[in-house]
Amino acid sequence: LPQLAALDQAEQERVAAVDGKMQEIRSQRDTLAASIDAPLLKQYDQVRKSRRGIGLAEVVDNATCSGCSVRLPIHVVQKARKGAGVTRCPSCGRILMYKA
């Protein structure tokens with residue numbers, strides 16, 4: 001019985017720590033979201049909801065979507081590289097970003 005009580009207390013502390021971390025992350029997200037144009041944020045949220053919480057994907061290996069691992073057409077890669085406007089993966093629909 002003492003072991004059970006100790007394990008229960010440890011689990012409650014773990015859950016409280018996770019809840020605190022989630023609240024902190026939500027607060028950070030809300031702060032960041034406030035600085036993004038409303039239409040872009042709405043588009044991102046729609047993509048994120050339809051793609052299991054991941055709305056943004058990086059172009060990796062110069063031509064692959066990190067979200068769905070599909071090889072991207074060169075014109076899509078070039079558009080993402082330029083960063084002019086929103087570029088979406090033609091396969092999964094995630095918003096693409098290109099790190100220089």
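These are my notes from looking through a predicted model.

**Entry 1, the sheet.** I started with the strands. Strands of a sheet pair through backbone hydrogen bonds, either parallel or antiparallel. Here I found an open sheet of three strands in the order β2-β1-β3, and the pairing is mixed. β2 (64–65) and β3 (95–97) sit at the edges with a single partner strand each, so one side of each has no neighbour in the sheet. I then looked up how β1 (residues 56–60) meets β2: they pair in the antiparallel sense, over two bridges. Val59 is the residue that stands opposite Cys65 in β2.

Which residues of α3 (residues 74–82) are buried? I got Val76, Val77 and Ala80. They cover an arc of only 100° around the axis, which means they lie on the same side of α3.

Rolling a probe the size of a water molecule over the atoms shows where empty space is left. The largest pocket holds about 360 Å³ of space. α2 (38–50) and β3 are the elements that give two or more residues to its lining. I counted 16 lining residues, with Leu40, Leu56, Ile95, Leu96 and Met97 nearest the centre. How many of the lining residues are nonpolar, polar or charged? My tally is twelve nonpolar, four polar and no charged.

How values were computed: Residues are numbered from 1 along each chain as its sequence is written. This is a predicted model: local features need pLDDT of at least 70, side-chain atom pairs count only at pLDDT 80 or more; totals for chains, interfaces and linings use all residues. Side-chain values use heavy atoms; hydrogens and water are left out. Two strands pair if DSSP finds at least two bridges between them. Helices (H or I, at least four residues) and strands (E, at least two) are DSSP runs, numbered from the N terminus. On a 1 Å grid over the protein atoms alone, a cavity is a set of points where a 1.4 Å probe fits but cannot get out, and a pocket is an open set with protein on both sides within 12 Å along at least five of seven lines; lining residues have an atom within 4 Å of a point. Grid points are joined across faces, edges and corners, and a volume is the space filled by probe spheres set on the points. Ala, Val, Leu, Ile, Met, Phe, Trp, Tyr, Cys and Pro count as nonpolar, Asp, Glu, Lys and Arg as charged, and the others, Gly among them, as polar. Buried means under 20% relative accessible area, exposed over 50%, partly exposed in between (1.4 Å probe, protein chains only). The arc is that of the directions from the helix axis to the C-beta atoms.
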